[in-house]
Amino acid sequence: MAKTTYYVPIGPIHPALKEPIRVEAEVEGERIVKVDVKRGFAHRGIEYMGMKRNAIQTLYLSERICGICSISHPYAFVIGSEKALGIEAPPRAQYIRTIIAELERIHSHILWLGVIAHEIGFDPLLFWTWKGREKVLDVLEAITGNRINYSMYMIGGVRRDLKESHIKALREMITYYWEFTEHMKEVFLSDPVYKARTRGVAQLSKEMALKLNVVGPTARAAGLRMDIRQDIPYDAYADMDIKAVVPQDIVGEARGDAYDITMVRLYEIEQSLDIIEFCLDNLPEGKILAIPNYVALLNKIKKTEGEAIGAHEAPRGEVIHYFKYDGTRDGPAVWKVIAPSYNNINSWAPLLLGAEVADIPVVVAYIDPCMCCNDRVAVVKDSSGRILDYSYLHRKAVEKTKKLEKELGVRR
Amino acid sequence: MTPETLFYAIGMPIIGVFLGLVYKGIDRRVSARMTSRIGPPIRQPFWDVGKLLLKETVVPENAVRWIFNAMPILAFASSMTLLLYIPFGILKAPLEGYGDLVVILYLLTLQALAMAIGGFASGSPFSSVGAQREMVLMMSYEMPFAIVITGFALIYKSFSLSTIASTPVWSIVGPLGGLGVLLLLIAFLWVTPAELAKLPFDIAEAETEIAEGMLAEYSGRNLALFYLSDAVRGFAMIAIEVVLFFPFTLSYLFGLNLSGAALYIAESLWFLFKVLVLYILVVTLVRTSFARFRIEQASRIFWVYVNIIALLGLLLIWAEVM
């Protein structure tokens, strides 16, 4: 009996993946009959590092969690921190934060559109979309000083104000992107080859989406109306009537495939442009920091006891930060980060099962995965290379938690 | 053996490899300019080959060693042989009389086959998937290709490329047959990117899916040979297309009255120019403006649509000739 199945390892290093993760597929001809997703190649213990630093240092550490959403994690961080501290950012700062977050959504979505084009072998489209993406990066650089990792946010406000020249550049950018998005819609949504490669690929039904707990554009493409900006509005989003972009509002039905998610992302760029325009039109005057003195801020953190959850709708889905300030340190005593890719990668295994080898890059890329965000654990091996099993690690974790509780004086 | 044969035997492969690499360089440059990049210099493919020849040739542990090493040589040899069957403009093909269009069809297939066998022999799952795809793709595009050649055989009552090159096809067919030849041309244009493993039909080498597929395990000298045969195949395929469908010579078009060496040089340059234009139109433009198809989509395109077009063309030609 001849062997009919091949074992195809995708990753940790593979051209379809931009970051390390492993998809082990058993392939029969072109069809995938068995699949296993293994994560944990990019674990950096960043939460532990954050719990050893003060809150302002941790804020900049949080910016380095993800390579692309360099504002999503700080945003969730400052929201959670402010809730825990009981302070509120001045209105002008809130609006500036919203503008920066939406600028980032634009550049992240255009980046994804380029990546998906590359995954289906359409490199010229990748070059074209990324050329268009330069404009928003230029504006971000003009406002914050950096193309990425902007260091813009601060607990209780922002660090840099918007000048007249910035507002002018932003308005120019908005006009440019209305036109560019129109072009992109034409290219992506009406290209027959693009449609042939994405229609019906990575199809996630509403029920499956709920069951797999996916978030962000992945969930919205499946027809779920969920968006942190709509459900738990914060900052300037509370002043606007934000509605989750779902395919049934655009074309009447949601199929939840890679084509629908393209549509959702394209229309979200337009939504972002609207939000930025609203913020510019209604930008309040005033100061930009609630507590301008950082020493005073750290002192306040040191004296505060409290916990809170900060949530932000990142381009990929919801980012959630949990905080606990215990009143003894000037940094978080407990810091827990949940990134959207952590939930979204759940969809890989069911979607890949029964799919074709040619669909692997599309399925892998369609959620816009971010491994460095999602890796919360690493496989631990002892000195002899034996993988330590779950029960042993769990026992150790309970011991550690007990020790931490004792140190922190947590009473049940 | 006459001195002429010796010249051809040594000269043609050198000229063919040179032209293949130059066209590859131009193709990369034009494609880059079309996507607002600067692109590599035109001599880049030469450097690529030079570097590959210097690199270590690695044979995977679980590969079938002799097949793995033999296949690049086979592919390269068949592409060299292929060159000897192509009439450059009004120059006669060196191996004229020893083979015809059917041999060319087989030589082109042999290269793809060598790559597929090499892929299977390299023992890597990516190569195996790639080789399987290549086999499926070959089964799909060979049929329209064969129909095109049959159509020409019907018109000329001969498979000889030199006969075809000497009289432009458009001058001997009537309106009905002309339409048929046009349909054959459309079918042939579809077959070209598949035959050359270029986008949108580079399914067997899909970088993002199976990491260059059949070539995944090849390196050093072996990869250089595949690279060269690929470059030569690109040039040869377009040259055949020019000979079949655009055989207009300078003297035919403009009524030039050249003779001797000047005639041969002018006609050869004109031929190379035609190949270049067609290369950019058929390979560069297409591969810059399409995404990769899935294998079953590509198969359907060839089995259904391209076959229908080609058969229709054949039918029209047959109706006229009979």
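In chain A, β6(A) and strand β7 (residues 317-326) are paired in the antiparallel sense through 10 bridges; strands are DSSP runs of E of at least two residues, helices are runs of H or I of at least four, both numbered from the N terminus, and two strands pair if DSSP finds at least two bridges between them. The model is a predicted one, in which local features need pLDDT of at least 70, side-chain atom pairs count only at pLDDT 80 or more, and totals for chains, interfaces and linings use all residues. Residues are numbered from 1 along each chain as its sequence is written, chains are lettered from A and ligands numbered from 1 in the order in which they are written, and side-chain values use heavy atoms, with hydrogens and water left out.

The pairing of β6 and β7 belongs to an open, antiparallel sheet of three strands in the order β6-β7-β8 (chain A). Its edges are formed by β6 (305-314) and β8 (334-338) of chain A, each of which pairs on one side only. From one strand to the next, the twist averages 10 degrees. A:Phe323 in β7(A) is the bridge partner of A:Ala308.

Another open sheet of three strands, also with antiparallel pairing, has the order β1-β2-β3 (chain A). Because β1 (5-10) and β3 (31-38) of chain A each have a single partner strand, one side of each is left without a neighbour in the sheet. Here the twist averages 20 degrees from one strand to the next. Strand β2 (residues 22-28) of chain A is joined to β3(A) by seven antiparallel bridges, and A:Arg22 stands opposite A:Lys38 in β3(A).

Helix α6 (residues 164-190) of chain A has 27 residues and should span 39 Å at 1.5 Å a residue, in agreement with the 39 Å between its end C-alpha atoms; the expected span is 1.5 Å times one less than the number of residues. Its buried residues (under 20% relative accessible area, 1.4 Å probe, protein chains only) include A:His166, A:Leu170, A:Tyr177, A:Phe180 and A:Phe188. The buried residues of α6(A) pack against α4 (91-119), α5 (123-144), α7 (192-198) and α12 (258-281) of chain A, contact being heavy atoms within 4.5 Å.

Most residues other than glycine have a negative phi. A:Ser151, in the loop between α5 and β4 (153-154) of chain A, has a positive phi near 50 degrees and is buried, with a relative accessible area of 15%. A:Asp235 likewise has a positive phi, of about 45 degrees. This aspartate, A:Asp235, lies in the loop between α10 (228-231) and α11 (247-250) of chain A and is buried at a relative accessible area of 11%.

Conventions: Buried < 20%, exposed > 50% of the residue type's maximum accessible area, 1.4 Å probe, protein only. Axes fitted to C-alpha atoms, helices over the stretch in contact; angles between N-to-C directions.
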